[in-house]
Amino acid sequence: MGKNNTTSAPRDAQWREELRKSTSAKERAAIQRVKMPELSPAYRVTCNEEVNQGLSAEAAVLEATRCMDCPDPQCVTGCPVNINIPGFIKNIQRGEFHKAALVLKETSALPAVCGRVCPQEKQCESRCIYLKMKKEPVAIGYLERFAADFERLSGLHAHPEVEEPNGIKIAVVGSGPAGLSFAGDMIKRGYDVTVFEALHEIGGVLKYGIPEFRLPNAVVDVEIDSLASLGVKFVKDCIVGKTYSYDDLHDMGFKGIFVGSGAGLPRFMGIPGENYIGVMSCNEYLTRINLMCAGREGYDTPVLRGRNVAVIGGGNTAMDAVRTARRMGAERAMVVYRRGEAEMPARVEEVKHAKEEGVEFMTLHNPLEYISDDKGQVKTMRVQRMELGEPDASGRRSPVPVEGAVEDIPVDLVIVSVGVSPNPLIPNSISDLEVSRRGTIVVDESTMRSSLPDIYAGGDIVRGGATVILAMGDGRHAAASMDAALRG
């Protein structure tokens, strides 16, 4: 049903040349922002095919033509990994798609991933000069995905320059976006890099947390294979802190360690009934389905299914869970969030897709307790209607209960997505490592260096919760700092 548009050719070289010559700034500004082709909602809830289908080459060239080529491109400063955005976009405009992919790989280890899941509207695109003109920004995320997909589907791999090996061994704990970004930068600097992953698949949250309809595993695998082709080694089913200790890594010859072990410990609200059958964490639900293939032919991983499913929370992970529930057969799928839709941290596109797929949004509602049947299976969710109170000192309006406005709603599956806590294994297994009250590793923000001189850290294990691109930015920052320290 789905068809990726990336490899279709733009009209011809003459068309591209005429387009480039004929577009003044005024004419560029008159071009409408491209629309992303999508699968129909009725079809996509029946499968795990990717919803966004990618731009055609012709659409990508036209969108790239909108870029004003600003002398001081603020989009670059809005990107946590400082991608040369004008550079790769102008290559797309010229039809040099392979060169565009190479520009991306100079700074980003995961361009095909970032083009799909990064909140560009809050980062690079939020700095676009078009916003000052009251126009839609250049679709930087769509173009990043286009260039990365073109490389992947064409088979012409873009390899960034790699320095001569220096023989210095570096360990990376965790293969999520922070660890992969760090590994990519360090291998390009000539280090001998080994990534240790506790699970049976490389990719961390990219594999267990994000559904295939938003980020296909095949796309993640190509990005990982690209790092492996540069020389990064991967060790699966290995728990640093258990399989190998901090001292073991020293004995194995590692001179530097980057910890990107994420925040995989789920949180609950602490309300009555959370221990009933049918109330589970979002992490467990998505991991069973995304990583362990529950519900797919040939796999026997058990997973709870529900006809009336409530997902508690308003972030991107909550959107992933509720949209997954629809694909797992939920007749009624609800998002329950204690603030209004305007305050939801989820991306606007994810909310739009969820609504198109029949998800109900119970904003300004908060669960009070869950009620079970005589077998301990959840059957009812009791919710309190909320309203936003007066702004506090920071200007944020906190939700307050509406007196007497309590409602009982039938449910048979509740998925709690109200945040996660850092993985405690590394902080608890290394003495003298400074850890915050929240369980995060304390680092010097200017270097990402911990209280132990050979340990650097980034991503959720430092921030407590971060987007993919922020975690990648931490990985790049730590790589630059560790390289400087090791070179003395």
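How many cavities of 30 Å³ or more does the count come to? Keep that in mind while we walk through this predicted model.

**Start with the whole chain.** Colour by secondary structure and you will find 19 helices and 15 strands. The radius of gyration is 23 Å, close to the 23 Å that the globule rule gives for 488 residues, so the chain is as compact as a globular protein of that length. Buried residues make up 55% of the chain.

**Now go inside.** The answer to the opening question is four cavities. The largest cavity holds about 130 Å³ of space. To centre your view there, select Asn-52, Arg-116, Arg-145, Arg-214 and Glu-349, the closest to its centre among 17 lining residues. Then show helix H8 (111-117), helix H9 (140-154) and helix H16 (348-356), each of which supplies at least two residues of this lining. Colour the lining by class and you get eight charged, five polar and four nonpolar residues.

Select Arg-33, Tyr-142, Arg-347, Val-348 and Glu-349, which are the closest to its centre out of 15 lining residues. Keep H16 on display, as this helix gives the most to the pocket lining, with three residues. By class, the pocket lining divides into nine charged, five nonpolar and one polar.

Definitions and conventions
Residues are numbered from 1 along each chain as its sequence is written. This is a predicted model: local features need pLDDT of at least 70, side-chain atom pairs count only at pLDDT 80 or more; totals for chains, interfaces and linings use all residues. Side-chain values use heavy atoms; hydrogens and water are left out. On a 1 Å grid over the protein atoms alone, a cavity is a set of points where a 1.4 Å probe fits but cannot get out, and a pocket is an open set with protein on both sides within 12 Å along at least five of seven lines; lining residues have an atom within 4 Å of a point. Grid points are joined across faces, edges and corners, and a volume is the space filled by probe spheres set on the points. Helices (H or I, at least four residues) and strands (E, at least two) are DSSP runs, numbered from the N terminus. Ala, Val, Leu, Ile, Met, Phe, Trp, Tyr, Cys and Pro count as nonpolar, Asp, Glu, Lys and Arg as charged, and the others, Gly among them, as polar. The radius of gyration is taken over C-alpha atoms; the globule rule is 2.2 Å times the number of residues to the power 0.38. Buried means under 20% relative accessible area, exposed over 50%, partly exposed in between (1.4 Å probe, protein chains only).
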